[in-house]
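Let's take a friendly walk through a protein model. Have a look at the sequence and the structure first, and then read on.

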Amino acid sequence: MERLTRRTFVTRALALGVTGSLGHTLCPPPEAAAESARAPRENQPIDIAIGAYPFALGGRVGNAMAMNGSVPGPVIRLRENTEAVIRVTNRLPETSSIHWHGLILPPEMDGVPGVSFAGIRPGETFVYRFPVRQSGTYWCHSHSGGQELLGVYAPLVIDPAEPEPFRYDRDYTVLLSDWSFEEPARIIGRLKTQAGYYNYQKRTLGDFIDEVAAEGLSAALRNRLEWGAMRMDPTDLSDVTGSTYTYLLNGRPTESNWTALFRPGERVRLRFIDGAAMTFFDVRIPGLRMTLVQADGQNVEPVEVDEFRIGPGETYDVIVEPSGDEAYALFAESIDRSGFVCGTLAPREGMRAPLPPRRKRPLRTMADMGMAHTGMDEMAGKEGMGAMNTDSRASEHGGGAAGHGGAHGTGGGGEEAKPVPHGPDDHGIGNSSVPAFTQSRLNDPGTGLGTDGRRVLVYADLRSLEPGADEREPAREIELHITGNMERYIWGFDGKKYSEAKTPIAFRYGERLRLTLVNDTMMEHPIHLHGMWMELENGAGRHKPRKHTVSVKPAERLSVAITADARGRWALHCHLLLHMDMGMFRVVEVSDGTGSPETRGGRP
Ligand SMILES: [Cu+2]
């Protein structure tokens, strides 16, 4: 069997007229699909090779790893209600794997070494074979060591069997990621030695003088002392920042201007994927409203937004209607404002929109610190309280948010959300800070967003288009605390790294349960569950949005309902790659009966 080289798949993609201006797409039926009316053949295998790859960027060449010789790998395009057959050959000198992020499939096809399969040894080919029972925008990536960080990731698009409930004239995948010339182990080493190593944006003496001028000496001092007492820095928004990262859009930096073409008046679907190892992005297209139609591949009631924050692992599909002979910036800024990547939406190649002005680095707020009750009033107004201004924002914009923005529930499944005091367990050495209170932040666009008049997506906006299939109220609740010790750079759940967790988290097959995630840390964590959907309890009633990755804000408490409908062992982890690697990882075991599945742990 011929392995697809870059040239052959570019040629095929062009022949098919498929997406992306680079156009490298892997479809199962390249020949059959040319006669587009025909249903794709089911067993036409897709071939993927994972190998070392020299990645050129800004005059330097890095040692990347890649799928079929490109970062990201080619778009993999499947069709709902077919069987996927994907042959993955490992040409690296180490064990590798591909995980199909967001796909519901048998556990042995999920691709997590040590959890549900052995991994793919050097030189071996592993054949993934699974029924495709869903549609939408997803992605795939290696689940072995730092391979994902080094480039082993690709968009995955599943075309639906039935027509979609929205219309568009063309679509593009827009995969955002981060690239560093530093080796993953070196980055971890630096973070272990000095937590704020990559934070070059610390508050300076000049900032302090400004604060004294604005607030008076005692307020400025008190503010510094509070942060100092927690050994935290309010400018710490990301572990790894633009000081080492170049941010990429479909593998391209801003300078190379990745461009999506449109004809004026067309409806363009943009499939945004955050495939970064460590970066949350704030995404906007100045001059265009975006109509969000899917979240994590699932149809949602359309929401109009100017901007959305996307965490590693999440996907959002939006439709835009550019008009005129004008270029628009596809602008994705890192959460800490230390960098950005910009592509272009234009009627012709070679055009470029002006770069939007950069925004100020935000500071963490009292809500981020979990001091919701005690210090909120005095801090409001000086730190740009995200949580405080969302109500005015929602009513100002009306429509989407106002309709359902007020009714959010969490933890108690729809009861009025109140800040919840942290329990007596401080989770030990694995957890360096314990917020006094955690609370729902489903109406909060997040640190640094929501104060400039833009309509920013909040989780409370998301409503599944179809009502959920399982109407049962969860019969039990599992509370899991997201914990970390930034100084030692260890991360975990309930104060324990994965290596210290004695047993898997046990789900009973068929049960309906509530997983409540409590973020004790001062960072956002995108929590990803394999094998089953998480239905976000955001006040949408039967229309809870289904997500595979849920971003939990600092000092936030949120709940998801889960139907444990997939037997086997599944990963549950933070999708910040270094957090996962440093211990924020668990195995969930779904089994029959009432017994807890003891001591069958295993390392990924
Ligand atoms: Cu994390």
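This report visits a metal site, a strand and the cavities.

## The copper site

Keep in mind that this is a predicted model. Three protein donors hold positions around the copper ion: His525 through ND1, Cys574 through SG and His579 through ND1. Along the sequence, the donor residues follow the spacing H-x48-C-x4-H. Two of them, His525 in strand 27 (residues 525-529) and His579 in helix 10 (residues 577-581), link distant parts of the chain, 54 residues apart.

Are these two histidines buried or exposed? Buried means under 20% relative accessible area. His525 has 0% relative accessibility, so it counts as buried. His579 is buried too, because its relative accessibility is 0%.

## An enclosed strand

Now turn to strand 13 (residues 268-274). Seven of its seven residues are buried, so the strand is largely enclosed by the rest of the structure. Val268, Leu270, Phe272 and Asp274 point one way, while Arg269, Arg271 and Ile273 point the other way.

Which strands pair with strand 13? Strand 10 (residues 170-180) runs parallel to it, with seven bridges, and Thr173 stands opposite Arg271. Strand 18 (residues 315-320) pairs with strand 13 in the antiparallel sense over six bridges; there, Thr315 is the bridge partner of Ile273.

How many cavities of 30 Å³ or more does the structure hold? There are six.

Conventions:
Residues numbered from 1 in each chain as written. Predicted model: local features only at pLDDT ≥ 70, side-chain atom pairs only at ≥ 80, totals over all residues. Heavy atoms only, no water. Donors = N, O, S within 2.8 Å, 3.2 Å for Na, K, Ca; no water. Helix = DSSP H or I, 4+ residues; strand = E, 2+ residues; numbered from the N terminus. Buried < 20%, exposed > 50% of the residue type's maximum accessible area, 1.4 Å probe, protein only. 1 Å grid on protein atoms, 1.4 Å probe; cavity = no way out; pocket = protein on both sides within 12 Å on 5 of 7 lines; lining within 4 Å. Points joined across faces, edges and corners; volume = space filled by probe spheres on them. Pairing = 2+ DSSP bridges.
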